[in-house]
Each structure stands twice: as structure tokens, then as C-alpha cells.
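Here are some friendly notes for a first look at this structure. Please keep the view open beside you as you read.

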Amino acid sequence: MPTRSSRTVRTIGVLAPGEPAVLDAEEPEPGPGQAWVQTEWSGVSAGTEVAIVRGTDPHHVLHWDPELRSFDDAGPPAAYPVTGLGYMEVGRVTESRTASLAEGALVAMAYGHRTGTCADPSARPVIGVPDDLDPLLGVYLAQMGPICVNGLLHAAASAAGPAAGVDAGVRDRHVLVTGAGVVGLLTALLAVQHGAADVVVAEPSAERRAVAEVLGLATLRDDGTAWRAVKERWRHGPGDAGADVVLQCRGHDTALATALKALRPQGTVVDLGFYQAGAEAVRLGEEFHHNGLAVVCAQISRVPRGMAGSWPRTALAQVTLDLLRARGAEIRRHVVTDVLPFDDGPRLLADLAGRRLAAPPLQAVLRF
């Protein structure tokens with residue numbers, strides 16, 4: 001059987017902890033039903049990617065057993081080099097062997113910081129970027145936006161079950177969002193768009209609170225006491241104060257501790273954070289136990305149980321597109337803070353991992 005030919009592309013990977021670099025990689029030539037996509041923009045995830053550059057993500061610290069879906073010390077952790085980073089790409093279809101992808105079309109995908117890829121719509125989502133959207137904002141369509149929409153879905157499922165609409169967990173409810181990074185800001189804007197009675201963002205950084213405020217969001221300084229201000233803001237009755245739901249969007253145990261303390265009795269934390277260490281600040285014997293609280297992990301590899309048929313990635317992307325059409329100009333102006341050449345990507349990631357930047361970007365996007 002003949003070997004399928006391939007193309008060499010340039011990609012950003014990690015040779016060893018602390019050593020991101022531009023590498024060569026192979027992509028298969030497009031076959032029937034496939035197309036070639038030439039990358040134009042790629043967003044940088046300052047959480048997941050920086051963890052891999054640092055070597056602090058769990059897969060590079062512990063062994064992952066995919067059958068038991070658990071971490072242990074029964075084998076070696078994942079090895080370096082990591083040959084691809086990233087999941088927020090926008091590219092142009094330059095060759096097509098499928099009627100579903102026209103040559104010249106702009107599409108959003110999650111395939112990493114690489115100069116091009118073989119796109120197979122039957123294997124992974126390919127989201128069209130419409131003409132009425134700033135093409136750079138397409139970086140949010142394939143995965144980052146769906147991450148945030150999935151948080152709302154988990155709130156909806158917790159409040160009203162698997163048949164609930166995406167708004168069921170936030171509509172007419174009091175919503176606290178912890179964290180004003182990209183995930184927190186987009187999630188807060190989604191909660192506003194889907195009818196929340198009130199939305200407050202708790203964030204320790206004054207600079208990030210300022211971005212949230214210019215987007216029209218109320219903020220609190222998360223200095224360990226923000227939970228008290230939340231409970232004073234939302235009083236529902238005797239012994240009943242606080243947020244109906246917290247959308248937790250920081251990978252820090254202190255943010256989860258704030259979230260639990262800020263909830264009203266029997267409230268829910270929907271956790272979108274990616275933790276890379278322990279959770280010493282979380283006290284499960286305190287509010288979690290005495291107020292009957294719940295913590296739900298919203299992870300992009302799955303929507304809530306029972307919702308998969310109604311909520312494929314394309315549906316999550318459509319909700320994201322609705323937000324970008326309504327608020328895209330503001331998001332482009334205030335959230336996307338840095339646009340830089342592809343070749344500068346390794347330096348940026350190394351500086352982020354080494355905490356060498358006095359003013360780290362909120363959202364950096366690589367230009368190809």
C-alpha cells in the first residue's frame with residue numbers, strides 16, 4: 001500500500017521545560033473529503049500552554065492512566081519534546097477536495113500554532129468564519145469560546161437538568177465570575193447576554209478589573225474578602241445571601257475558596273479553572289459542608305451528561321458567534337492586547353513562563 005505523502009510545516013513546540021521553539025513537523029497531504037488550510041491567526045492560551053512550557057501541567061508531573069482515567073506513579077509522566085501547542089487557529093482554505101470547504105473560505109479550528117494543516121471535517125470541527133466578523137476574532141470560535149459556553153451549559157444542567165437551554169443556569173440569577181482573564185471575561189459577557197439578573201467579576205489585578213469595567217461589568221477586588229461584598233450585595237432572605245452560581249475561571253485555589261464562600265446555601269460553583277498545584281486554601285469542612293454546596297468541573301472535552309446530542313462543538317461555536325457579533329468590537333479593542341509575528345511566539349511563551357513581563361498580555365495573537 002503506497003505511503004501517503006506529507007508536507008513540512010513550521011510549528012511551535014517545547015523541547016524541554018522552559019525551552020519553547022519553532023520546530024518542523026509533518027502534515028499529511030489532503031485526500032478525498034479533506035482540504036489544506038493556511039494559517040492566518042493563532043491565539044495564545046496563557047494558561048494551558050504556559051503550564052506545558054513550565055512543565056507544571058499534571059501530565060508532565062505524573063503518569064496518566066487513560067483506561068482508569070487517573071494519575072498515579074505507576075509509570076513515567078509524558079515526555080518532552082512537545083511538538084505542538086495551541087488551540088485557537090484561523091486559516092484560509094487554499095486547496096480543497098471536499099464540497100463542504102470552498103477554496104478561499106476562512107475557517108476556525110483547533111490544531112495548534114502551525115503554518116498550515118490538513119483539515120478533515122469528519123474528524124474535527126471546522127467552523128466557518130463569517131464575512132461580517134473581524135477575522136482575528138475567529139480565534140475564539142473553535143475552542144476558547146466553546147470552553148466558556150460549556151461553563152454556562154454546566155450551570156444550566158445543574159439548575160434545570162439535561163434538557164435545559166444554555167441560559168437556564170444564569171437567566172434571572174445572581175452570577176459571580178472569579179477571574180478576569182480571557183475565559184472569565186468571555187464567560188461574564190455570555191452570562192450578561194443570556195439574561196443574568198446581575199453579574200459581578202472578582203479579580204485581584206487592578207488592570208484586569210479595569211478591562212472588565214470598560215466592558216460594562218461590575219467588579220470586586222478579590223483579596224480574600226470579596227465573598228463578603230458578594231453576600232452583602234445579594235441578600236435573598238434570613239440566612240440566605242450570596243451568588244446563585246459562581247463561574248470560577250482562575251486556576252488558583254484561592255479563587256475556588258472565594259467562590260465557595262460567596263455562594264448562597266445549596267449554590268453551585270461551575271469550575272473552568274485549570275489547577276496545577278494543591279488546593280490548600282479550600283476548606284471543605286466550612287461553607288462547602290455547612291451550606292450544602294456543589295462544585296462541578298466544566299471541561300471542554302465533554303458537555304454535561306445527556307447534552308452531547310444537542311450540543312456538538314458547532315453549537316457551542318454558534319453561541320460564541322452570537323456573542324462576538326454583539327460585542328466583538330469591544331472584545332477586539334480591550335481583550336486582544338498583543339498581536340505579534342509567529343516567530344516571536346517562543347520568546348513570548350518563555351517570558352510568560354518565566355514571569356518576566358511587567359505587563360503580560362491579556363490575549364496575545366500570533367500573526368502568520
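The points below go from the whole chain to a single residue.

1. A word on the source: this is a predicted model. The chain counts 19 strands along with nine helices.

2. On overall dimensions, the radius of gyration of the chain is 21 Å, which agrees with the value near 21 Å for a compact globule of 368 residues.

3. How much of the chain is buried? Of its 368 residues, 52% are buried. The accessible surface of the chain is about 16,300 Å², and carbon and sulfur atoms hold 51% of that surface.

4. Contacts across the sequence are worth a look too.

5. For charges, the chain carries 33 positive and 41 negative ones. Their mean positions lie 3 Å apart.

6. Now zoom in on Leu217, which you will find in the loop between α4 (206-214) and β12 (218-221). Is Leu217 buried or exposed? Its relative accessible area is 5%, so Leu217 is buried, the cut-off being under 20%.

7. Which residues does Leu217 touch? Leaving aside residues up to four places away in sequence, Leu217 touches Leu185, Ala188, Leu189, Val192, Val199, Val201 and Ala212. Pro238 sits 21 residues from Leu217 along the chain, and the C-alpha atoms of the two are separated by 28 Å.

Note on methods
Residues are numbered from 1 along each chain as its sequence is written. This is a predicted model: local features need pLDDT of at least 70, side-chain atom pairs count only at pLDDT 80 or more; totals for chains, interfaces and linings use all residues. Side-chain values use heavy atoms; hydrogens and water are left out. Helices (H or I, at least four residues) and strands (E, at least two) are DSSP runs, numbered from the N terminus. The radius of gyration is taken over C-alpha atoms; the globule rule is 2.2 Å times the number of residues to the power 0.38. Buried means under 20% relative accessible area, exposed over 50%, partly exposed in between (1.4 Å probe, protein chains only). Accessible areas come from the Shrake-Rupley method with a 1.4 Å probe; for residues, only the protein chains shown count as cover. Lys and Arg count as positive and Asp and Glu as negative; His and the chain ends are not counted. The place of a charge is taken as NZ of Lys, CZ of Arg, CG of Asp or CD of Glu. Contact means heavy atoms within 4.5 Å.
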